[in-house]
Amino acid sequence: MIRIVRETGPKGFVSIRALGHADFGVRGKDVVCAAASALLQAWLRNLMELLGDRVQVELDRRSGRMVFIVPAEIDAEARTEVERLVKYFFPSILSLSEQFPENILVSEIGSTGFAVHDVTAQQQG
């Protein structure tokens, strides 16, 4: 299962962390994993175009780990653009997790480390 966690803080979006493989099909030919990966990579590319090397990135293809963290101190205009990217990216990954709930779990956490909840289940409720 791919576990995707969106972290938010007082200023808004902080990070996205994805770990695992969808296990929907054979590795290397898994369409669910490919779809999630494509969405995450597109979002990362947009963040990097906006913020450059200020985005902290960790990638490990073998484990399926993708982490990208937005620096806390960015100007108001950049923060607005980051939030816009979140607004347009997150529904796409949620839609994918709703279509494949046994393969992708999306959660959200506040920067305090508490109040973790399953976003997909909450929206279906």
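Tutor: A pocket here is an open set of grid points with protein on both sides within 12 Å along at least five of seven lines. Keep in mind that this is a predicted model.

Student: OK, how much space lies in the largest pocket?

Tutor: The largest pocket holds about 520 Å³ of space.

Student: And how many residues line it, and which lie nearest its centre?

Tutor: The lining of the largest pocket is made of 24 residues. His21, Cys33, Ser37, Arg61 and Gly64 are the ones nearest the centre.

Student: Which elements give two or more residues to that lining?

Tutor: Three are listed: α1, β3 (56-60) and β4 (65-69). Helix α1 supplies the largest share, with seven residues.

Student: What's the lining like by class?

Tutor: The lining of the largest pocket has ten nonpolar residues, eight charged and six polar.

Student: Let's switch to the surface. Which residues form a nonpolar patch there?

Tutor: Met48, Val57 and Leu59 do, and together they have about 250 Å² of accessible area.

Student: Where is Met48 found?

Tutor: Met48 sits in helix α1, which covers residues 31-51.

Student: What about Gln41, where does it lie?

Tutor: Gln41 is also a residue of helix α1.

Student: What about Arg54 and Pro71, how far apart are they?

Tutor: Arg54 and Pro71 are 6.5 Å apart, C-alpha to C-alpha, and 17 residues apart in sequence. Arg54 belongs to the loop between α1 and β3. Its relative accessible area is 40%, so Arg54 is partly exposed.

Student: Last one, Asp23. What is its phi near?

Tutor: The phi of Asp23 is near 55°, which is a positive value in a residue other than glycine.

Student: Where does Asp23 lie, and is it buried or exposed?

Tutor: Asp23 is in the loop between β2 (12-19) and α1. Asp23 is exposed, because its relative accessible area is 53% and the class starts at over 50%.

Terms used
Residues are numbered from 1 along each chain as its sequence is written. This is a predicted model: local features need pLDDT of at least 70, side-chain atom pairs count only at pLDDT 80 or more; totals for chains, interfaces and linings use all residues. Side-chain values use heavy atoms; hydrogens and water are left out. Patches are made of residues with over 30% relative accessible area and no salt bridge: like charges are joined within 9 Å, nonpolar side chains (Val, Leu, Ile, Met, Phe, Trp, Tyr) within 5 Å. Accessible areas come from the Shrake-Rupley method with a 1.4 Å probe; for residues, only the protein chains shown count as cover. A salt bridge is a side-chain nitrogen of Lys or Arg within 4 Å of a carboxyl oxygen of Asp or Glu. Helices (H or I, at least four residues) and strands (E, at least two) are DSSP runs, numbered from the N terminus. On a 1 Å grid over the protein atoms alone, a cavity is a set of points where a 1.4 Å probe fits but cannot get out, and a pocket is an open set with protein on both sides within 12 Å along at least five of seven lines; lining residues have an atom within 4 Å of a point. Grid points are joined across faces, edges and corners, and a volume is the space filled by probe spheres set on the points. Ala, Val, Leu, Ile, Met, Phe, Trp, Tyr, Cys and Pro count as nonpolar, Asp, Glu, Lys and Arg as charged, and the others, Gly among them, as polar. Buried means under 20% relative accessible area, exposed over 50%, partly exposed in between (1.4 Å probe, protein chains only).
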